[in-house]
Amino acid sequence: MSTAEFRRYLYPEGHARIEGLKGLDAYTYREVASRRGTFTGDLIEGWTPLYRAEFQGVTSDGTVREGLFPLEPAAPGEEAPVAAMVAAADRLLRTVDEESRDRLTHGVDSSDWQTWANPEFMQFDTGLRLEFQPAPVREAALALVEASLSGAGHGLVRDMMRINGFLGEVVGLPDILNEYSYNFALYGSPDPRAPWGWQLFGHHCAVNCLVVEGRMTIGPVFLGAEPNEIDAGPHAGTRAFDDRIALGTALMAELTPEQRERAVIYREMVDPAMPPGRVHPGDERHLAGAFQDNRVIPYEGVRVAELPPRARDLAFDIAEAFLAPLPDGPRRAKLREVRRHVGESWFAWIGGHAPGDVFYYRLQSPVLIAELDHHGGVFLDYDTPRRFHVHTVLRVPNGNDYGRSWVRQWRTRRP
């Protein structure tokens, strides 16, 4: 019999939280979730205007710093696997019919990029909903994901999707939470040099990937799980985020008491000292999630350059863990970029930092934002954050989410 902690928090048989959703699929649930005056309806009402704003990018002070992302061809050994991606994308386009192709494809700088979201309800039906596609279409879309990302990154994405399906089985809502309850879209035309990319998004998993001139960027990326393990069935033993959690607590352990004091911006996950709105009903403590493309996120905490050498190394290890979806070459290029800005990198913490504590942390620089947050229950019955419900967010601030800075530079050179 399983002893996984999350099973202590299953809703009892017949509970309204679960029973009220049984029999709904993604589209009927979408209508229910959007009703005004409900928890989900209020979230949607607050988020909807944000994606319509002209894209600027996340900043620390409201002003985009120019010149951070020069568009140069990839250095030798740092190229993205563009040829394999183009081949996989062409296979996908050949697999779908004309109507589906029209739904699947968008302009490379389309605002539809900004419709991704991580909740279980479908706010925007961008691209193709994989659960309603024939198996060959699903397989072709996921083959493009596999051709694009590192082996570890592809494995992590698929683990998020499988954990989502596992959650649906455990709570009895497989029509809302399943392995393929995700939307997939293409942006631009697959090409060896011109900018194009793809987007996968749904519950607890959203990845935006763009390539141009052999370069690759990913961001925004949202990966999360409730629970962060599978304890039964064919994928039993699957776990997620243990490395990101351990790296955060290890970094805190390396700080001096004075540095730790500066790093901790709030001692409690819901702290009386927090200003109104600091804990969002849906996002809780993380700041750079869905529809936050133009958010101002000031630097907080402690400057990474001032940390002891081991703690500084751990900060870069956190960056590398969040960048794991990138293939080896693009990841090396991005990590070099991150290291160039060590003097402008900050690390902030909320909550406890002893073994077993729940917490939030953020690593932030002009070229990267990485957040991890432990959350309260959504489909399991608990109000305060637990270690097994994790949200992680990766952003490319100052205008290069969705590769937008690179796309603008490409268009300037080739009107």
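**Basis.** I worked from a predicted model, in which local features need pLDDT of at least 70 and side-chain atom pairs count only at pLDDT 80 or more, while totals for chains, interfaces and linings use all residues. Residues are numbered from 1 along each chain as its sequence is written, and side-chain values use heavy atoms, with hydrogens and water left out.

**Cysteines.** I looked for disulfides (pairs of cysteine sulfur atoms within 2.5 Å) and found zero. C205 is in none, since the nearest cysteine sulfur, that of C209, is 13 Å away, which is too far for a bond. I then checked burial (buried is under 20% relative accessible area, exposed over 50%, partly exposed in between, with a 1.4 Å probe and protein chains only): C205 is buried at 0%, and C209 counts as buried at 1%.

**Helix α2.** I took helices (H or I, at least four residues) and strands (E, at least two) as DSSP runs, numbered from the N terminus. In α2, residues 26-33, I found A26, Y29 and A33 buried; they lie on the same side of α2 because they cover an arc of only 65° around the axis, taken from the directions from the helix axis to the C-beta atoms. I noted that α3 (39-52) and β2 (128-129) are included in what covers the buried residues of α2.

**Largest pocket.** I read about 610 Å³ of space in the largest pocket. Of the 32 residues that line this pocket, R17, F39, L43, E120 and V378 are the closest to its centre. The largest share of the lining, four residues, comes from α3.

How values were computed. Contact means heavy atoms within 4.5 Å. On a 1 Å grid over the protein atoms alone, a cavity is a set of points where a 1.4 Å probe fits but cannot get out, and a pocket is an open set with protein on both sides within 12 Å along at least five of seven lines; lining residues have an atom within 4 Å of a point. Grid points are joined across faces, edges and corners, and a volume is the space filled by probe spheres set on the points.
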